[in-house]
Amino acid sequence: MVDSMVVNRRSVLSGTLAVGGLVVSGCHSKPAGPAEDEPVVPWPAGDTLGIGLEGYPYPHPVQYLEVTHLAEADWIDRRASGWERRARMAYMDVLPDSAKAKGAVLLVHGKNFFGAYWTGVIEALRHSGFRVIVPDLIGWGKSTKASTLTAASLVTHLRSLLDQLKVDSCAFVGHSTGGLIGMQMARALPGRVHALVLENPMGLEDYRHGLMRPVGHQDWADDERSMTADQIRQYMAHYFVNKAPRLIEPFVAVRRAVGRGPEFERWVQSSAAATDMLLNEPAVDFVGSLPLPSLFVCGLSDRTYVGAKYTAPKDQGAKGNIAAMAKGFAARMPKGRFVGVPETGHVPHLESPAAFNSAVLEFLAVNAQ
């Protein structure tokens with residue numbers, strides 16, 4: 001069962017969006033993030049950043065939770081260092097600016113991003129009465145960089161965070177890899193997630209199909225370690241239809257600054273572990289049976305998939321159409337819904353923020369707790 005639609009960007013940008021017979025606001029009287037001429041995340045203050053993004057500004061105060069990190073799977077062929085078990089997870093906990101709170105929303109980032117890029121979504125949600133919790137997953141952002149990662153380990157950390165904050169149940173909003181973790185969490189801990197928003201989620205196809213040869217951790221590490229500035233820029237640019245520098249260059253600057261740091265190799269190993277997880281733990285086998293209310297919000301021009309470099313040319317054209325796959329899964333889900341955003345790539349909340357926020361707020365208005 002699916003309620004699907006394609007957003008009319010002109011209507012959204014003019015301030016209204018028709019959804020299911022209703023008209024909801026696409027604009028808010030209070031700011032919803034960076035202005036159109038501002039970078040979507042801050043530039044680093046200098047040429048070098050530590051792998052914990054020390055000193056890098058986030059839009060709200062950052063706190064830390066000590067967690068036990070243990071990632072084990074039959075496809076992990078290396079032993080993690082003992083210190084990785086004692087990890088710190090960074091997070092923002094932003095209270096609503098309304099006396100009548102509507103519940104908690106957990107925002108979880110994608111693979112090549114970090115919590116600070118949720119600024120506009122945080123503002124839209126808290127101005128609408130939601131408590132907004134924004135972690136950096138272990139392996140990303142200001143959190144500990146681990147050399148082994150599994151979906152189960154990341155779900156365990158998120159459960160610990162909700163326990164610490166005394167949040168019994170939340171709406172989960174996950175982008176890209178964060179969407180994969182949201183699907184895994186909804187399956188593993190159904191009582192802790194009452195609604196699921198999936199923004200161009202990874203995990204909707206088996207990325208191992210079509211690879212020209214077996215690839216794994218060392219391949220991803222070699223690729224990450226050797227990327228030039230131009231390659232980083234091209235990689236980030238492929239996420240967006242709109243190639244405006246404000247959407248791309250700040251992420252390039254952060255990645256290059258981290259690459260100049262003395263612990264860059266630890267960052268490389270963690271990034272490779274994340275790709276390993278994406279390759280080996282897709283959600284394709286179970287997402288269609290998730291029973292909770294679920295909204296897919298997808299840029300229709302996105303063609304992101306894991307292992308593109310290692311995929312046979314004859315198979316590349318059929319890969320990465322996340323919107324088409326999401327629409328298909330939504331149709332199979334008991335409470336699935338799909339919203340497509342035209343002329344938008346992998347990150348609708350940055351490239352088409354009004355459309356994204358309107359769709360999410362309308363969904364949460366019905367499915368909040």
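Visitor: How many of the nine residues of helix α2 are buried in this predicted model?
Guide: In this predicted model, helix α2 covers residues 119-127 and is mostly covered. The buried residues include T119, G120, V121 and I122, and E123, A124, L125 and R126 are also among them.

Visitor: Which helices and strands do the buried residues of α2 pack against?
Guide: The partners of these buried residues include strands, namely β5 (86-94), β6 (104-108) and β7 (131-135). Helices also take part in this packing, and they are α11 (348-351) and α12 (353-367).

Visitor: Which residue with a positive phi follows α2?
Guide: After helix α2 the chain comes to a residue whose phi is positive, near 100°. That residue is G129.

Visitor: Is E199 buried or exposed?
Guide: E199 lies in strand β9, which runs over residues 193-199. Its relative accessibility is 0%, and because buried means under 20%, E199 counts as buried.

Visitor: Which residues have the most contacts inside the largest nonpolar core?
Guide: The largest nonpolar core has 122 residues, and its largest share, nine residues, comes from helix α8 (residues 264-280). Leaving aside neighbours within four places in sequence, F296 is in contact with residues including L198, P201, L204, F329 and M333. The residues with the most contacts inside this core are L107 and F296.

Visitor: What radius of gyration does the chain have, beside that of a compact globule?
Guide: The C-alpha trace spans about 50 × 45 × 40 Å along its principal axes. A compact globule with 369 residues would have a radius of gyration near 21 Å, and the value for the chain agrees with this, being 19 Å.

Visitor: What share of the contacts in the chain with a separation of 6 or more comes from residues 24 or more positions apart?
Guide: The chain has twelve helices and eleven strands, and buried residues make up 60% of its 369 residues. Among contacts with a separation of 6 or more, the share that residues 24 or more positions apart account for is 80%.

Conventions
Residues numbered from 1 in each chain as written. Predicted model: local features only at pLDDT ≥ 70, side-chain atom pairs only at ≥ 80, totals over all residues. Heavy atoms only, no water. Core = buried A, V, L, I, M, F, W, Y, C linked by side-chain atoms within 4.5 Å. Buried < 20%, exposed > 50% of the residue type's maximum accessible area, 1.4 Å probe, protein only. Helix = DSSP H or I, 4+ residues; strand = E, 2+ residues; numbered from the N terminus. Contact = heavy atoms within 4.5 Å. Rg over C-alpha atoms; globule rule 2.2 N^0.38 Å.
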